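Reader: I want a close look at one part of this model. Keep it brisk, and give me the cut-offs as you go.

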Amino acid sequence: MLKLLQRFSIYSNQHHSPREVINGKEFIYDNQVHLYSPTIQAFLQKRWTKKEEIPAKIYIIDPIKTDHDYGIYLQPLKKLLEENRLIRMFETNDISSQYVMSIFFEEHFKPLLDTYSTTVIMNGYVPPLVQSYNYQKIEQQAKTLYRTFFLGDELTDLEKEIEFKYLALKQKKFMKYNETSRNQFKCVWTFSQQRRIEGYMNWRSRQQELFDDLRPIFEPVYVGRKLQAYQLLQELDQTPWSEKLSFNIFEKPRFQDTKKKVEWLSTILFSRTIIYTKSLEFVRTLEIPPDFHIELSLVNFHIWLITNRLRQINTKDSNFMARMMSYNYLVFLQNQISKVHIRKKNDFIKDAEQYMETSRRYLEYHFNKNPTTIANNYHKIDALVWSVVFFEKVPRYDNKVYLMAEYLKANYDYISQLQYSQFDQCDVFFDVFRIGMDYKKKILTVNPPLNEVEFTQEFESESPTKKYFYTYDDKISQKYQHIKDIQNNKSLVHKRLQVLNENISYVFRKYENLETYDHYSSQEDQIKKQEEKQKYVWNFEQNDVDVNKIKEKLKRHA
């Protein structure tokens with residue numbers, strides 16, 4: 001295992017260096033470096049801070065001078081003990097977290113903790129007032145080095161653009177090498193570099209099975225600064241006029257044209273949201289069961305949180321971004337279901353789309369329309385999560401239901417405070433640690449669980465309002481829908497437009513691909529046959545399928 005960790009430390013400690021000498025052995029990560037532009041070659045020759053240097057740099061920082069010792073000295077456990085000794089330590093509860101860190105954490109992390117804990121004041125202590133200004137500078141130096149250990153050296157906008165250009169060229173070279181196996185394209189493409197090109201801040205990979213990054217941290221997207229840095233890079237590289245012309249025609253509009261920029265940013269924000277819902281932090285903390293429907297529903301309500309806030313901002317750009325996020329989810333849903341080998345796949349896609357739309361309608365009703373739940377979002381929120389997120393596939397009063405309910409409420413409050421500028425920079429971060437320690441108590445205070453007698457009474461009751469599961473058709477929603485129907489019936493033009501919209505949607509669905517065409521064509525043939533039978537009384541049988549029901553089903557699917 002130690003050999004495995006050392007192998008991974010090679011990849012996590014190097015910053016895109018084309019070659020490295022470790023323990024007298026040369027590792028070549030990229031051949032033909034001289035073919036890159038001068039700016040990239042200069043970037044690759046830059047001196048980077050390595051992880052093994054950081055503990056020493058923190059150690060030489062002069063702490064504040066005082067008679068009191070504020071440091072925390074950790075046990076220097078760095079050797080793997082014998083098996084009998086470990087068994088005795090386990091039986092007596094002597095195996096502490098420090099020992100686990102020293103054995104299982106990546107190399108150089110334990111020395112970093114040793115030096116950092118003796119330099120920075122912890123455990124509630126405060127420095128003397130006279131020394132407070134000096135201590136602030138010491139603490140800032142230590143925190144900067146601690147951040148460098150995990151996120152690497154700080155880069156300017158120009159250096160970031162050079163880095164991404166190099167990674168894009170190297171990725172193309174790696175793909176060509178896989179296709180042709182020619183030595184001129186030979187290079188090593190690491191998991192760290194793949195994460196970096198995707199915009200991760202914590203891009204340095206580690207051994208995933210032991211200590212993968214719990215939370216993906218992404219850099220904000222500053223479109224204007226990125227465009228300025230790229231144009232400056234073109235001037236430094238003396239880019240030919242043909243490449244500049246191609247950039248101005250095809251790439252530059254993506255940064256300047258509002259519509260194309262919003263499309264690009266919405267794609268980035270959508271992909272980052274999906275990555276977070278699959279991260280270890282999210283799945284393990286919230287105890288997400290491995291279920292296909294639940295995974296789709298989790299992405300669905302995250303996208304609703306974003307689109308709901310964008311519609312509340314209610315500007316031209318925010319509304320367009322909300323539509324693009326909804327479209328991206330529709331494409332994602334179809335792609336995910338297409339990977340599953342089942343019969344009648346198109347019917348399953350339409351059923352899933354209908355259910356996800358119903359889930360979004362429940363969320364909209366709970367947070368934006370029902371006066372009771374608007375005044376207190378905790379009212380029936382556990383039933384909402386159990387029905388909408390978990391598909392009623394987990395025990396009703398399981399702990400994960402309350403965890404997810406508090407996560408939904410906490411992140412709804414967070415998203416509701418965001419401005420459009422943060423969406424425009426993809427600066428939106430979901431976080432499971434917004435959940436408070438008393439999450440279950442807050443929900444049970446408003447929604448006490450039903451006992452067996454109460455559940456039986458509610459189950460046998462004809463009242464549409466339930467507590468065990470989430471009901472949309474209660475008195476308030478019926479009244480709201482009745483008012484909405486009256487307003488819609490007043491406009492004859494609205495009815496005609498609605499029929500036209502249904503017909504257009506039906507045509508788009510039918511001609512989407514060959515499978516949908518065959519599906520709808522077979523349904524239309526069935527309708528024609530039934531209509532032919534119903535022309536004559538002697539051809540009509542009681543067991544025949546009702547044509548009107550089939551038509552209604554087709555409209556509902558469309």
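Which residues form one aromatic cluster?

Author: The cluster is made of Tyr276, Phe282, Phe301 and Tyr407. First, the ground rules. This is a predicted model, in which local features need pLDDT of at least 70 and side-chain atom pairs count only at pLDDT 80 or more, while totals for chains, interfaces and linings use all residues. Residues are numbered from 1 along each chain as its sequence is written, and side-chain values use heavy atoms, with hydrogens and water left out.

Start with the rings. The structure holds 14 aromatic pairs. Rings of Phe, Tyr and Trp (its six-membered ring) pair if their centres lie within 6.5 Å; planes under 30 degrees apart are stacked, over 60 edge-to-face, and the rest tilted.

Tyr200 and Phe218 make a tilted pair, with 4.7 Å centre to centre and 45° between the planes. Tyr200 is in the loop between α9 (191–197) and α10 (208–211), and Phe218 is in the loop between α10 and α11 (223–237), so the pair ties together parts 18 residues apart in sequence. Helices here are DSSP runs (H or I, at least four residues), as strands are (E, at least two), numbered from the N terminus. Tyr200 is buried, at 7% relative accessibility. Phe218 is buried too, at 5%. Buried means under 20% relative accessible area, exposed over 50%, and partly exposed in between (1.4 Å probe, protein chains only).

Now back to the cluster. Phe301 and Tyr407 have ring centres 6.3 Å apart and planes at 85°, so this pair is edge-to-face. It links distant parts of the chain: Phe301 is in helix α15 and Tyr407 in helix α20 (residues 399–416), 106 residues apart. Phe301 is buried at 1% relative accessibility. Tyr407 is buried at 0%.

Next, the helix that carries Phe301. Helix α15 covers residues 292–313, and its 22 residues should span 32 Å at 1.5 Å a residue; the end C-alpha atoms are 33 Å apart, which agrees. The expected span is 1.5 Å times one less than the number of residues. Of the 22 residues in α15, 16 are buried. At the start of α15, a side-chain oxygen of Asp291 comes within 3.0 Å of the backbone nitrogen of His293. After α15 comes Asn314, with a positive phi near 60°.

One more point on Tyr200. The charged end of Arg195 sits over the Tyr200 ring, 4.4 Å from its centre. That label requires CZ of Arg or NZ of Lys within 6 Å of the ring centre and within 35 degrees of the ring normal.

Terms used: A polar contact is a pair of N or O atoms within 3.5 Å; within protein, one must be able to donate a hydrogen and the other to accept it, and residues adjacent in sequence count only if both atoms are side-chain atoms.
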